[in-house]
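Here is my note on the structure you asked me to look over. Please keep the 3D view open while you read.

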Amino acid sequence: MATARGRIEREDAVAWPRMSASFWAALLLASLLIAYCGQLAAGTCEIVTLDRDSSQPRRTIARQTARCACKKGQIAGTTRASPACVDARIVKTKQWCDMLPCLDDEGCDLLVNRSGWTCTQPGGRVKTTTVS
């Protein structure tokens, strides 16, 4: 089991995804495992820090650091707007949209310089994520 740390910066409003009861149950179970064992379960991630800056009008900048315990061949990434273990090939080739980082009703586009991606909501609102 490999441990990886990833840092994701998100501009614009940070929208928490609409999640099902089974997701919350899995998250609770993962949290209990962490508390009980002191380690992350294989294939899971946790948010270590989340800082928000709303000092600019019409823009919120959020910086998030996640800790993941990924299986062999995986690395820390983002799936459905949450930290997740993803195929390492996606990160190496910077094909960010292959890890399905946006919510179901959002469209994903790579930034021109491949430093991140944008998620476009049906109403036209855009969330930009850069990776550092």
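The points below go from overall layout and confidence to the cross-links and charged pairs.

1. **Model and confidence.** Please keep in mind that this is a predicted model. The protein chain averages a pLDDT of 78, and 71% of the residues score at least 70. Among the elements, strand S6 (residues 107-110) has the highest mean pLDDT, at 94, while strand S1 (residues 2-11) has the lowest, at 50.

2. **A stretch to treat with care.** Over residues 11-19 the pLDDT is below 50, although this stretch has 28 contacts in the model beyond near neighbours in sequence. Where pLDDT is low, the predicted coordinates should not be read in detail.

3. **Overall layout.** Among contacts between residues at least 6 apart in sequence, 41% join residues at least 24 apart.

4. **Surface and burial.** Of the 132 residues in the protein chain, 35% count as buried. The accessible surface comes to about 8,000 Å², and carbon and sulfur atoms account for 54% of that area.

5. **Disulfides as a set.** The structure holds four disulfides. If you count the bonded cysteines along the chain, the pairing pattern is 1-2, 3-4, 5-7, 6-8.

6. **Cys-45 and Cys-68.** These two cysteines are joined by a disulfide with an S to S distance of 2.0 Å. The torsion about the S-S bond is about 110 degrees, so this disulfide is right-handed. Cys-45 sits in strand S2 and Cys-68 in strand S3, so the pair links distant parts of the chain, 23 residues apart. Are these cysteines buried or exposed? Both Cys-45 and Cys-68 are buried.

7. **Cys-97 and Cys-108.** In this disulfide the sulfur atoms are 1.9 Å apart. The link is left-handed, with -85 degrees about the S-S bond. Cys-97 lies in the loop between H2 and S6, and Cys-108 lies in strand S6, so the pair ties together parts that are eleven residues apart in sequence. Cys-108 counts as partly exposed, at 25% relative accessibility.

8. **Cys-102 and Cys-119.** A disulfide also joins this pair, with 2.0 Å from S to S. The torsion about the S-S bond is about -85 degrees, so the disulfide is left-handed. Here the loop between H2 and S6, which holds Cys-102, is linked to strand S7 (residues 116-120), which holds Cys-119; the two cysteines are 17 residues apart. Cys-102 is buried, and Cys-119 is buried too.

9. **Salt bridges as a set.** How many salt bridges does a search of the whole structure find? The search finds four. As background, side chains of opposite charge can pair when their charged atoms come close.

10. **Glu-46 and Arg-67.** The closest N and O atoms of this salt bridge are 2.6 Å apart. Glu-46 lies in strand S2 (residues 44-53) and Arg-67 in strand S3 (residues 61-70), so the pair ties together parts that are 21 residues apart in sequence. Glu-46 is partly exposed, with a relative accessible area of 23%.

11. **Asp-104 and Arg-80.** The side chains of these residues meet in a salt bridge of 3.1 Å, N to O. What parts of the chain does the pair tie together? Asp-104 lies in the loop between helix H2 (88-93) and S6, and Arg-80 in the loop between strand S4 (74-79) and strand S5 (82-87), so the parts tied together are 24 residues apart in sequence. Asp-104 is exposed, with a relative accessible area of 69%, whereas Arg-80 is partly exposed at 33%.

12. **Asp-98 and Arg-89.** Here the closest N and O atoms of the salt bridge are 3.8 Å apart. Asp-98 is partly exposed, with a relative accessible area of 42%. Arg-89 also counts as partly exposed, at 44% relative accessibility.

Definitions and conventions:
Residues numbered from 1 in each chain as written. Predicted model: local features only at pLDDT ≥ 70, side-chain atom pairs only at ≥ 80, totals over all residues. Heavy atoms only, no water. Buried < 20%, exposed > 50% of the residue type's maximum accessible area, 1.4 Å probe, protein only. Contact = heavy atoms within 4.5 Å. Areas by Shrake-Rupley, 256 points an atom, 1.4 Å probe, with all protein chains shown as cover. pLDDT = per-residue confidence, 0-100. Helix = DSSP H or I, 4+ residues; strand = E, 2+ residues; numbered from the N terminus. Disulfide = S-S within 2.5 Å.
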